[in-house]
Amino acid sequence: MRRLARFVLVPVLALIAAAALTAPGANAQSSRYEAEDAVCDGTIDANYSGFSGRGFCNTANRTGAYVQFTVHAGASGTFTLGFKYANGSGAARQANLSVNGAATGSGIAFEPTGAWSGWAVATVAVPVREGANTIRLAAATGAGLANIDYLDVVRAGGSVLPTSLQWSSSGPLIFPKSDATHNIVSVKDPSVVHHDGRYHVFVSVVSANQGYSLAYLSFTDWSQAASAPLHFLDRSAIGGGYKAAPQVFYFAPQQRWYLTYQIGDNVAYSTTTDIADPASWSTPTKFYGSTPQIVLDNKGSGQWLDFWTICDTANCHMYSSDDNGNLYRAQTSLARFPSGFSDPVIAMHDPNHHWLFEGANVYRLAGANEYLLMVEAITAGGRMFRSWTSPSVSGPWTPLADTKEHPFASRSNVSFDGTPWTNDISHGELIRSGIDQTLTVGPCDLRFLYQGKDPSASGPYNLLPWRLGLLTQSDSPC
Ligand code: GCU
Ligand code: CA
């Protein structure tokens, strides 16, 4: 968790490259429909950067002005619609949605994106019939619609994961450890891979002076985690100063390990060819010249944080959060990684910032044409994780277990041996089945390394006594 700095402006190209990902097909599960190929009750403009394809639909500023898409469904069911839009005005643009002439009920608020070149995605689930469906988005007020770039559609349901999950938790397994120059009060934000017969775990550590830095430990079995020494990564070329929220993966195309992390108000990476040598990490290289404008415009009093990179066969995607209800996604090609990340777009927004807070994870589910998104939320009962799935790593995301009643992981669906040591199921990572940039997990073998704390602990947030424990899914259907 923390703040940021400055960006490399390579924004538009990667987004344009992303546009041609999918073509509409009769039985497609996931398709993109460009607004310039739809019926636009207005003009197709291209005067603001960040759109995909040849332009976006700018409707007239009047009630009823619309953009209309013809969307094909292989069978009747529910589609999640993701409208990519820009709203550079200061107020939400309200729209009514109809499917095949029937109003779908509620209106959609297209929240301000800070600038007409700032883009976000608004999602809504609608019923569709087999064959062609007419999807019309019409302005509910005289302000007209937001500028609309495209519509992504995804068939809801059919996940390989159950919508109801149960877990059992270990006790605390990984604890703070100090040495002569590090007085550590908490251990947080784990990233973990299993490689060469050992778990390799990277964590944030917080000192008594509330400074954040990175540490590493390694062990063959969870029973040895508590006695494994902590190696402080400020002794490597990563150096001192604020660093937090590491993510580790092996980038197979370059045959090297990447560690990404927050650095000041930016995101950086270090690399090594030997994950087992904590002294071998390289000097930090920042991904961005400074904080992207869309983040500055939307983060409010939050911070840009919790960076998460995942690649498919063509592109690498970087998700991030701002503690202000926004989930961001940026993109570069696999060939250009780690360079060339676009300006982020807002992939998901919630007006209740606690309900879409931070700690996002995205994984590929092994053996399925499916990705899993998890985002940490804050509730009165403690921290918890919500979840969504999509056939595409870039969404749009369909709810899987995303409510308090049906959480991905929260105090309410986790059992403990004896008295629960934590009410919080906070920042963590699933145990992956591989090590590479695809971040693949086995859907039958879900385990989640997370941070929790003594429910009676209080005091400044940065001094809370976080420890790490392991959840194991107890109701796997396979
Ligand atoms: C500006 C902007 C347009 C936008 C319009 C609006 O004119 O350039 O792209 O559509 O505002 O308020 O709708
Ligand atoms: Ca307009």
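Predicted model: local features only at pLDDT ≥ 70, side-chain atom pairs only at ≥ 80, totals over all residues.
Colleague: Where in the chain is Asp306 found, and what is its phi?

Modeller: Asp306 is found in strand 22, residues 305-311, and its phi is near 55°, a positive value in a residue other than glycine.

Colleague: What makes Gly82 buried or exposed?

Modeller: Gly82, whose place is in strand 6, has 26 C-beta neighbours inside 10 Å. The cut-off for a buried residue is 20 or more, so Gly82 counts as buried.

Colleague: Which residues does Gly82 touch, leaving out those up to four places away in sequence?

Modeller: Gly82 touches Val121, Thr123, Asp152, Gly395 and Pro396. With Thr123, Gly82 is 41 residues apart in sequence, yet the two C-alpha atoms are 4.3 Å apart in space.

Colleague: What kind of peptide bond joins Gly395 and Pro396?

Modeller: The bond between Gly395 and Pro396 is cis, with omega of about 5°, and Pro396 is found in the loop between strand 28 (382-390) and strand 29 (398-399). A cis peptide bond also joins Phe337 and Pro338, where omega is about 10°; Pro338 is found in the loop between strand 24 (326-333) and strand 25 (345-349).

Colleague: How many residues does the largest nonpolar core have, and which have the most contacts inside it?

Modeller: The largest nonpolar core has 133 residues, and Ile148 and Val362 have the most contacts inside it. Strand 27 (residues 371-379) gives the largest share of this core, six residues.

Colleague: Why is this core said to lie between domain 1 and domain 2?

Modeller: Both domain 1 (11-155) and domain 2 (167-473) give residues to this core, and so the core lies between them.

Colleague: Which residues is Val362 in contact with, leaving aside neighbours within four places in sequence?

Modeller: Val362 is in contact with Trp308, Ile310, Tyr319, Tyr371, Leu372, Leu373, Val393 and Leu439.

Colleague: What separates the centres of domain 1 and domain 2, and how many residues does each give to the contact?

Modeller: Taken over C-alpha atoms, the centres of domain 1 and domain 2 are separated by 32 Å, while the contact takes 21 residues from domain 1 and 24 residues from domain 2. On the side of domain 1 that touches domain 2, helix 1 gives the most, with five residues.

Colleague: Which residues are around ligand 1?

Modeller: Around ligand 1 are Asp45, Asn58, Asn61, Ser89, Trp116, Gly144 and Asn147; by class, this shell has one nonpolar, five polar and one charged residues.

Conventions. Residues numbered from 1 in each chain as written. Chains lettered and ligands numbered in written order. Domains from an automatic or database assignment. Contact = placed C-beta atoms within 7 Å. Helix = DSSP H or I, 4+ residues; strand = E, 2+ residues; numbered from the N terminus. Near = placed C-beta within 6 Å. Nonpolar A, V, L, I, M, F, W, Y, C, P; charged D, E, K, R; others polar. Core = buried A, V, L, I, M, F, W, Y, C linked by C-beta atoms within 7 Å. Buried ≥ 20, exposed ≤ 12 C-beta atoms within 10 Å, placed from the backbone.
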